[in-house]
Amino acid sequence: MIAPRLANRLLRRVLPEGTRGETIRGDLLEEFHARPSRWWFWRQTLSLVVRYGMRRESPAAARSDSMFETIWNDVRYAARSYAKTPTFTLAVLTTLALGIGASTAIFSMVNAILLQPLPLNEPDRLVYANEVNAKLVRISTSWLNYRDWRQRARSFEHLALTRDEPEALSAVERPQRLRGRRVTGNFFQAVGVRPALGRALADDDDRPGAPLMAVITDGFWRAQFGADPSVVGRTLILNERPATVVGILPRGFEYLRPYDLFVSMGPIADSPGLNQRGNHNGFYAVGRLRSGVSVESADRELRDIAAQLEREHPDTNTNISVRAEPLADRLVADVRPTLFALLGAVGFLLSDLCVNVANLLIARGAARQHELAVRAALGGGRRRLVSQLLVESTFVSLLGGGLGVAVASWLLRALIAVAPEGTPRLTSVAIDSTALVFALVASTICGLVFGAFPALLASGVQGQHALIRGRASGFAAGSHRLRRGLMVAETALALILLAGAGLMIRTLQQLAGVETGFRPDHLMTAQFALSGPRWTTERQRAFRDELLTKARAVPGVARAALTFALPIDGSQWNSIFIVSGKPIPDRAHLPSSAFTPVSDGYFEAVGMRLIRGRTIDARDDATTPRVAVVNESFAREMWPGEDPIGKRLKQGWPEDDNAWIEVVGLIADVKFNGISAETPMQVYLPLNQVAMREMAVVVRTAADPATVMPTLETIVHDLDKDLPLFARRTMDQIIESSMAQSRLSMTVFVVFALVALTLAAVGLYGVVAHGVTERTHEIGVRMALGADPVDVLRLIVGQGLVTVVAGLAVGIAGALALSRTIESLLFGVKPTDPTTFAAVIVLLLGVGLAACGVPAWRASRVDPTAALRAE
Amino acid sequence: MGIYLGEFEQLLLLTVLRLGAEAYGVEIARDLEARAGRRVSRGALYTSLDRLENKGLLRWKAGAGTPEREGLPRRLYHVTPTGVAALRESRGVLKRMWRGIEHLLNEPS
C-alpha cells in the first residue's frame with residue numbers, strides 16, 4: 001500500500017524544511033511500511049499539521065505565540081474566569097440558551113415548511129393549477145376542461161388531475177378510513193416517482209369503465225400488510241368496491257401530506273357528474289413543466305386555453321379562467337404570513353439577546369478593567385487583548401448555543417404539538433443539520449457582535465492611566481455611555497415584541513369573544529360515509545333513522561342529529577342558485593350560497609335560534625314538497641326587508657330542471673367557515689330530500705361530551721360492522737383548532753416578549769445600579785452640601801427614565817413601521833391599536849421605574865461621610 | 001537547581017539513553033509504548049523532542065535512509081551531558097521524596 005499522497009504533500013508543506021522535516025516524514029513512511037493503515041497515517045499527519053502548521057504562520061514569533069496555542073490558551077483562560085463568576089456565567093448562558101433555542105426552533109419550522117424544496121423530483125418544475133371564477137376566487141377544476149387543457153397545452157411534460165378522496169377500507173379485521181387521493185394515470189410521472197414494487201398508474205387506467213386500481217404508500221404497506229411483497233395484485237375493498245393493488249411507492253415518498261394510497265380515475269371517468277362541464281368536482285391540476293418553460297408562460301398558456309373554452313362553451317365557461325403557480329407556494333400559502341411574522345420576532349429576540357449579553361459583558365469588562373490594564377502594561381498588545389475578549393465572548397456564546405440546541409429540540413416538540421391542524425409538511429420539521437448550522441452561525445455572530453462592544457472599549461484602555469484605580473477612567477465613562485445606548489435599543493426591541501404580543505392577545509380575545517350563534521359546549525361530533533353500491537337510498541335512510549333513534553335513547557344524550565357540514569368546520573357544498581320573482585342575473589353574476597342538508601332536530605341539537613317559520617322535520621322527505629330553511633344573511637341579501645317565508649329558490653344553473661324549493665324557516669346566522677370569517681349565505685335542506693353519503697353526527701350531552709363516544713361507536717358498529725367513524729371531535733375542539741394558528745403566534749410572541757421584558761428590566765437595573773456605584777462619591781458630596789434624599793432619588797430615577805423614554809420613542813417608531821407585516825395575523829384589532837400601545841408603554845414605564853427605583857432608593861440612603869470616604 | 005524536567009521529558013530522555021545508537025523517531029515511539037505504555041501522537045513526539053533540543057538536553061545527527069523510508073534520513077539522538085545531569089537531578093529529587101515511605105507504598109505480598 002502506498003502512503004496517502006495528499007497527506008504526504010500536506011506534510012511536505014507544513015513540516016520544517018531540510019533534514020529536520022525529512023526525518024519526520026521518513027519515520028512516518030517507515031512505520032507505515034510496517035503497519036499500512038491510512039487512518040493511522042492521516043491521524044499522525046493531522047497531529048503534525050496542528051503542531052507545526054500553526055507555528056509556521058508567524059515564524060518570527062516565539063513558540064508560545066502560535067495562533068493555535070494562543071486561542072487555546074484564551075479558551076482555557078476564559079473557561080477559568082467564567083467558572084470563577086458562576087452567577088454571571090449562569091445569567092449569560094441562560095439568556096443565550098433561551099434566545100438561540102427559541103430562534104433555532106422557529107427557524108427549523110420555517111426552514112422545513114417554507115424554505116426546503118418539496119421532497120419530489122425537481123420540485124421547481126411542479127405547477128399547481130385550478131380554475132377561478134369572475135371574482136378570481138379559486139374554484140376547483142372541471143374534468144372536461146382539464147381534458148381540453150391537457151390536449152392543448154404545450155407547456156407541460158405531464159399535466160395530471162388529482163383530488164383528496166378518503167376511502168373506507170372494509171373486509172379487513174378493523175375497518176378504517178384511509179387517506180386517499182384520486183389521480184389521473186400520469187400523476188406519478190408528473191410528480192416524478194416510480195413505484196418500488198409493481199407498476200404505477202397509466203393513462204389506460206383513466207379509460208371510462210376501467211377497473212379501480214390502487215398504488216399504496218410504503219407506510220401503509222408496512223402498517224397494514226407488514227411489508228409483504230405479495231400484496232401487489234391483491235384486491236382491497238375500498239368504499240365497498242374492489243380495487244387491485246398494482247404498485248407500492250418507494251419509502252420516503254410524500255406528496256404534500258401523508259397518504260395511504262392513490263386510486264385511479266377509470267371507474268368515475270364517465271360518471272354523469274364529472275361529464276358536465278359546469279361541474280367543478282374538487283379537483284386541481286398538477287403539472288410538470290417542460291424544461292425551460294417558466295411558470296408565468298405556462299399560466300399564460302392555460303389562460304389562453306381557458307379563453308378559447310369560454311368561447312366554445314359560453315353556457316358553462318363564462319368568466320371561468322385559470323391560475324397556475326408553483327406547487328410549493330400554493331401548499332404553504334396559508335401559513336406563510338404566520339411563519340414569516342414569527343421569523344421576524346426571532347430576529348428581534350436575537351438582536352435583543354446580543355444587546356443584553358453585550359451589556360452584561362461590558363459590565364464585566366468594567367469590573368475587569370484593572371486586570372486588562374495590568375495585562376496591557378505588561379506588554380499585552382491591543383490586538384492581543386481584543387482577540388482575547390472576542391475569543392471569550394465567542395466561547396461563551398458557542399456554549400450557550402449548544403445549550404440552545406437542547407432547548408430548541410424541546411421547544412420544537414411543544415410547537416409541533418400546538419401547531420394548527422393541517423399545517424403542511426409538519427412531519428419533516430426537525431432539528432436537522434441546517435438548523436444546527438443556523439444555531440452555530442447565530443451563536444458565532446452573537447459572540448462576535450456582543451464581544452465587539454467590550455473589546456472596542458477595552459482597546460481604548462491606556463496602560464498606565466488605568467492602572468491608577470481612578471474614579472472616572474475613560475473606560476468607565478465610555479462604557480456607561482455605551483450601556484445607556486444599548487439600553488435604549490433594548491427597550492425599543494422589548495416594546496416591539498410586547499406590542500406584537502399585545503396585538504396577538506387582543507386578537508385571541510376577540511376570537512374567543514366571537515358570537516358563534518349557537519351553543520358550542522357539550523357537543524360531540526363524528527363523521528362517517530355511506531359510500532358504495534350497497535348503500536341504496538332506502539338503506540341510507542334506514543341507517544340514518546336507526547342511528548338517530550338509538551343515539552337519542554342513550555342516557556346522557558339530550559339531542560342527536562345529522563348534518564352534511566358542521567358550524568366553524570366550514571362549507572362542504574357551495575352552489576349557485578336563483579330565486580323566484582326576481583330577474584335572473586347574467587351567468588357571471590349568479591349568486592352562490594352554502595347548501596347544507598341536515599336531519600330533523602339539527603338546529604335544536606346545535607342550539608341555533610329560529611327567527612321565523614319552522615325547522616327541518618323528520619317528515620320532510622321524498623313524498624312531501626321540497627323545503628328549505630335559510631339563514632339571516634341569505635334573507636338579507638336576497639330579500640332585503642321582506643319576509644323570506646314562502647319564497648322559493650332553485651339550486652344550480654337557471655336552465656337546470658332542479659326542483660323549486662320553498663323557504664319554510666329563517667334561522668339566525670352562525671359562524672360557519674372558521675371563527676373569524678363572515679357568515680356566508682346558507683340554505684339548510686332536509687337530508688331525507690337531499691341525501692348525502694358523507695355526514696357528521698352531532699350529539700348534545702348533559703355531561704362531558706367525550707364520554708358518549710364509546711357508546712356511539714358501539715351503536716354504529718352494531719348497525720354496520722364495516723363502517724368507520726372518523727374525525728371524532730367535540731365542538732370546542734373544532735373551535736380551538738380554528739384558532740390554533742392565532743394561538744401559536746400569540747404563544748410565541750408572548751414568550752418572546754416576556755423574555756425581552758425581563759432582559760430589559762434586568763439590564764436597566766444593572767445600568768442604573770452601576771451608575772449609582774460609580775457616583776457614590778458624587779452623591780455623598782451632594783448630600784453633604786444639603787441635597788435632600790428625595791432630590792437624589794429624583795436625579796437617579798430621572799436619568800434612568802430618560803433612557804427608557806428614548807427607548808420607547810424608538811420602539812414605537814419601529815413598531816408602527818412594522819405594523820403592516822403583522823396585519824394579516826390580526827382579527828378585530830388594528831395593528832396600531834392605541835389601547836394595546838398604551839398598555840405596553842405603561843407596562844414598560846412601570847418596569848423601568850421599578851428597575852431604576854431600587855438602586856435610586858439605595859443611593860438616597862447613602863451615608864454622606866461613608867460616601868466621601870469611598871474611593 | 002538544575003533544569004526542571006516534566007514527566008514526559010524524563011521518559012523521552014531515558015528512552016534515548018536506553019536505545020543508544022538506534023535512538024530515532026520510530027524506535028523512540030515504539031519503546032515508549034512497549035515499556036511505559038505511552039502511545040503518543042507524532043505531533044506531540046517531535047515537538048517535545050524539539051523542545052528538549054532547544055533546552056540543550058538532546059542533540060542529533062542525520063543517519064542514512066533505507067528503502068522503506070524512501071531514502072529519507074533518520075534523526076539519531078543522543079543525550080547531552082546537561083541532559084544526563086538533568087536526569088540525575090530529577091532522580092535525586094524523587095529518591096529524596098521516596099526515602100522513608102517505601103513501606104507505605106509497597107504492594108502487599
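This is a predicted model: local features need pLDDT of at least 70, side-chain atom pairs count only at pLDDT 80 or more; totals for chains, interfaces and linings use all residues.
Q: Why is A:Leu289 called buried?
A: Buried means under 20% relative accessible area. A:Leu289 has a relative accessible area of 2%, so the residue counts as buried.

Q: What surrounds A:Leu289?
A: A:Leu289 lies in strand 11 of chain A, residues 284-289. Leaving aside neighbours within four places in sequence, its contacts include A:Arg125, A:Val127, A:Ser155, A:Phe156 and A:Ala298. A:Val127 is 162 residues away along the chain, but the two C-alpha atoms are separated by 7.2 Å.

Q: What makes a set of residues a nonpolar core?
A: The members must be buried residues of the listed nonpolar kinds, joined through side-chain atoms within 4.5 Å. The largest such core has 145 residues, and A:Phe188 and A:Tyr255 touch the most other members. Not counting residues up to four places away in sequence, A:Tyr255 touches A:Leu120, A:Phe187, A:Val191 and A:Phe262, among others. A second, separate core has 44 residues, including A:Phe528, A:Trp573, A:Met638 and A:Val708. In soluble globular proteins, nonpolar side chains tend to be buried together.

Q: Why is the pair A:Glu30 and B:Arg69 called a salt bridge?
A: The rule asks for a side-chain nitrogen of Lys or Arg within 4 Å of a carboxyl oxygen of Asp or Glu. Across the interface of chain B and chain A, 5 salt bridges are found, along with 14 residue pairs in polar contact.

Q: Which parts of chain B supply the side that touches chain A?
A: Helix 2 (25-36), helix 3 (42-54), strand 1 (58-63) and strand 2 (74-79) each supply at least two residues. Helix 3 gives the most, with 7 residues. By class, this side of chain B has 8 nonpolar, 4 polar and 8 charged residues.

Q: How is the size of an interface given?
A: Often it is given as the accessible area lost when the parts come together. Between chain B and chain A the buried area is about 2,100 Å², of which carbon and sulfur atoms give 55%. Counted by residues, 20 of chain B are in contact with 21 of chain A.

Note on methods
Residues are numbered from 1 along each chain as its sequence is written. Chains are lettered from A and ligands numbered from 1 in the order in which they are written. Side-chain values use heavy atoms; hydrogens and water are left out. Contact means heavy atoms within 4.5 Å. Buried area is the accessible area (1.4 Å probe) that two parts lose on being put together, summed over both. A polar contact is a pair of N or O atoms within 3.5 Å; within protein, one must be able to donate a hydrogen and the other to accept it, and residues adjacent in sequence count only if both atoms are side-chain atoms. Helices (H or I, at least four residues) and strands (E, at least two) are DSSP runs, numbered from the N terminus. Ala, Val, Leu, Ile, Met, Phe, Trp, Tyr, Cys and Pro count as nonpolar, Asp, Glu, Lys and Arg as charged, and the others, Gly among them, as polar. Buried means under 20% relative accessible area, exposed over 50%, partly exposed in between (1.4 Å probe, protein chains only).
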